[in-house]
Amino acid sequence: MSAEVKNPEGWYFYSTRNEVAYWNGDAWTGDVGPSRSPSTVEHFHHGFLPFLRHRWFWIAVLGQIITIAVAVISKSGSPWINLLSIVGYGVFMAGSVMIVARHLHFGQLSHLKMAIWLGIISGVVAFAVGFVVEIAAGNMWGQNAVLWLAGPIEESAKLLLPFILLCIGRPQALRNPREGFLTVLVSAAVFGVIEGAEYQLFTALSVPHSWYPLVLGIGRPMTEIAHTFMTGIAAAVIWLAAFHRKRVLTLAGFVGWAAAAGIHSLHDGMTTLGQSGGQTQGLPSTPIPLEMAIVGGIVLTVISLIYAAIVYLMLRHSARELVPPQGVALNSDHWRPQIKHWGIHKKVLAPEPDLSGSTS
């Protein structure tokens, strides 16, 4: 994410329609109007297997290779070797952030490094908060109940520090919808990094010198990627609605958080269905062959990939509203803003703008 020229304030085409919207330098204000000239934005054409040409894909592949290698090495060594899987999860989850970042041109942000560092700190805090709260909830209501409560607990934890900073207005840069969104995106990714490494280490310690860590080394990174996407759904709505209404608490923001928490709880809670005794089943005590570990990892990856794809589509619907004018022509139709009026009671139609000599 190298430095990019920031889009100046003005009217811009935001789709192939002959309409323009107003960009105030940081975000779309919600003002739209007809254009006197035809749109300069053309329909986007995808190439064959476009992800193979993107850096995020190969970074994610590298992270996956590291988590698998760590699991294999730990089979004949110390289970504590799986601590090194945090490197693989870190690389993989960096790729998950880049999937979204390539559309939003974060390189334009004046406080890019600050947003990333705040996100890293927030992710560590989020994991600690979620860990403590879930232990307390498990002691009171049982582990199955915790899985159904994972959505509100973990989504709130990942948003906690950035939302507090938004409430107090410091740092002021965090009021910028894209800066706030990036901070939360990194926070969620860091949460997934720590959680993934924790699960892989716990598995290795529970059944030493087994192939169980390999199941997670193969399948867990794709499971963790949903953390980035789920929290991103809420963050995009919360920050843009706050920008529109000039206040932090909005109905749109609450709906965004509820959507993220709901799909998270549904995902985790469904793993309890069909179990008896009211407790989540633990790891088997007997080793499994290498072939079974590989198959189990692949099955986990496929299931997680399907879920991640669904969540990604939901994220795209909200995050597309943060795409700056520079990104409109470079993005596919599904990543171009629709100028949603989150936080605004009614749509305000701008007078027909004169685009002669202006940007497009």
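Me: Setting aside neighbours within four places in sequence, which residues is Ser 318 in contact with?

Reply: The model is a predicted one. In it, Ser 318 is in contact with Gly 232, Ile 233, Ala 236, Val 237 and Trp 342, once neighbours within four places in sequence are left aside. One further detail concerns Ile 233: the side chain of Ser 318 reaches the backbone oxygen of that residue at 3.5 Å.

Me: Where is Ser 318 placed, and is Ser 318 buried or exposed?

Reply: A residue counts as buried when its relative accessible area is under 20%. Ser 318 has 3% relative accessibility and therefore counts as buried. Its place is in helix H8, which covers residues 290-319.

Me: How should I think about the directions in which residues of a helix point?

Reply: An α-helix has 3.6 residues a turn, so residues three or four places apart point the same way. As for helix H8, Ser 304 also lies there. Ser 304 is buried, because its relative accessible area is 5%. Not counting residues up to four places away in sequence, Ser 304 touches Gly 219, Met 222 and Thr 223.

Me: How many residues does helix H4 have, and what distance does H4 reach?

Reply: One compares the reach of a helix with an expected value. Helix H4, residues 143-168, has 26 residues and reaches 35 Å from its first C-alpha to its last, close to the 38 Å expected at 1.5 Å a residue.

Me: Where in H4 does a kink lie?

Reply: The kink lies at Leu 149, shortly before the proline Pro 152, and is of about 60°. Just after H4, Gly 169 takes a positive phi of about 75°.

Me: What do the spans, the buried share and the contacts of the chain come to?

Reply: Along its principal axes, the C-alpha trace spans about 75 × 45 × 35 Å. Of the 360 residues, 51% count as buried. Among contacts between residues at least 6 apart in sequence, 77% join residues at least 24 apart. Finally, the chain exposes about 16,800 Å², of which carbon and sulfur atoms supply 68%.

Definitions and conventions
Residues are numbered from 1 along each chain as its sequence is written. This is a predicted model: local features need pLDDT of at least 70, side-chain atom pairs count only at pLDDT 80 or more; totals for chains, interfaces and linings use all residues. Side-chain values use heavy atoms; hydrogens and water are left out. Helices (H or I, at least four residues) and strands (E, at least two) are DSSP runs, numbered from the N terminus. The expected span of a helix is 1.5 Å times one less than its number of residues. The bend at a residue is the angle between axes fitted to the seven residues ending there and the seven starting there. Buried means under 20% relative accessible area, exposed over 50%, partly exposed in between (1.4 Å probe, protein chains only). Contact means heavy atoms within 4.5 Å. Accessible areas come from the Shrake-Rupley method with a 1.4 Å probe; for residues, only the protein chains shown count as cover. A polar contact is a pair of N or O atoms within 3.5 Å; within protein, one must be able to donate a hydrogen and the other to accept it, and residues adjacent in sequence count only if both atoms are side-chain atoms.
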